[in-house]
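Hello,

Here is the structure we discussed. Please look it over before reading the notes below it.

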Amino acid sequence: MNGSIHIGTSGWSYKHWKGLFYPDGLKEVEWLPYYSRFFNIAEINTSFYHMPKHQTVLNWLEKAPKDFLFCPKLSRYITHMKKLKDVEEPLHRFFEVFAPMQGQMGPVLVQLPPQLKWDYDRAERFYSGLKKEFKTFEFVVEVRHLTWLHQDSLTQMARYHLGVVISQSGGVFPYTEMVTAQNVYIRFHGPGALYASPYSDEMLQEYAHKIKAWARQGHTVWAFFNNDIHGYAFADAQKLQQLCQ
């Protein structure tokens, strides 16, 4: 049975997209409805930096079509400040805010800090907590330290059905194409300058072949472009959409 493919960008609220993607004169409150004409999914990057208000989440849901999906990024307070330890209370706060979105939500993105090495016990407590308290949500993990790509770590993720993010960054971030869950989640950060370089047609074609193969194997594939500077993200996402048809 074939899976599905979802392609979008890492956020949509970029002022430097005015005149590039968003028409001049289009009000900021209309950016999401406009974005949703081209893509049916988006990452929410702002939730990594600060918790959105409950009303903000409701506003996003109101402005997006009913079949539009969001992938929120877990708060950096949990990942970078608390480093996954003693995070029950902030996790509950995060999901209380995003609870209304659950019906239109893809996997929650957990991005780890670069200095945090894999530790079995720390990861085990965090993963088991997610599965116990938030079992109706799905999660993917983007690692920044190579130890998280050791086989024991990947096996641990697979046991909890956590997808390891395929993080394309031109070699800057740790990279693997190991599939550890139903969800295959790809983030395109830029093949040259981080967040500021476009993908060649050849690279996009290469990933399109892989994405379609994963979908044929029954996986749900999520692909997001984070190379937003100069507007490369939306252009590359549209190209990949065409190549995956």
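This is a predicted model: local features need pLDDT of at least 70, side-chain atom pairs count only at pLDDT 80 or more; totals for chains, interfaces and linings use all residues.

Residues are numbered from 1 along each chain as its sequence is written, and side-chain values use heavy atoms, with hydrogens and water left out.

Pockets

A pocket is an open set of points on a 1 Å grid over the protein atoms alone, with protein on both sides within 12 Å along at least five of seven lines; lining residues have an atom within 4 Å of a point. Volumes are the space filled by probe spheres set on the points, which are joined across faces, edges and corners.

The largest pocket holds about 620 Å³. It is lined by 29 residues, of which Gly11, Trp12, Ser13, Asn45 and Thr46 are the closest to its centre. H1, E2, H2 and H3 each give two or more residues to this lining, and H3 gives the most, four. Helices (H or I, at least four residues) and strands (E, at least two) are DSSP runs numbered from the N terminus. By class, the lining has 11 nonpolar, 10 polar and eight charged residues (nonpolar: Ala, Val, Leu, Ile, Met, Phe, Trp, Tyr, Cys and Pro; charged: Asp, Glu, Lys and Arg; polar: the others, Gly among them).

The second largest pocket has a volume of about 260 Å³. Among its 15 lining residues, Asp86, Val87, Glu88, Arg125 and Phe126 are the closest to the centre. H6 (120-133) and H5 both give two or more residues, with H6 giving the most, seven. The classes here are six nonpolar, two polar and seven charged.

Helix H3

In H3 (residues 54-63), Val57, Trp60 and Leu61 are buried, that is, under 20% relative accessible area with a 1.4 Å probe, protein chains only. Seen down the axis of H3, these buried residues fall within an arc of 95°, so they line one face of the helix; the arc is taken from the directions from the helix axis to the C-beta atoms. Their cover includes H1 (31-35), E2 (41-44), H2 (46-49), E3 (69-72) and H5 (88-98), with contact meaning heavy atoms within 4.5 Å.

Cavity

A cavity is a set of grid points where a 1.4 Å probe fits but cannot get out. One cavity of 30 Å³ or more was counted.

Regards

Notes: Buried means under 20% relative accessible area, exposed over 50%, partly exposed in between (1.4 Å probe, protein chains only).
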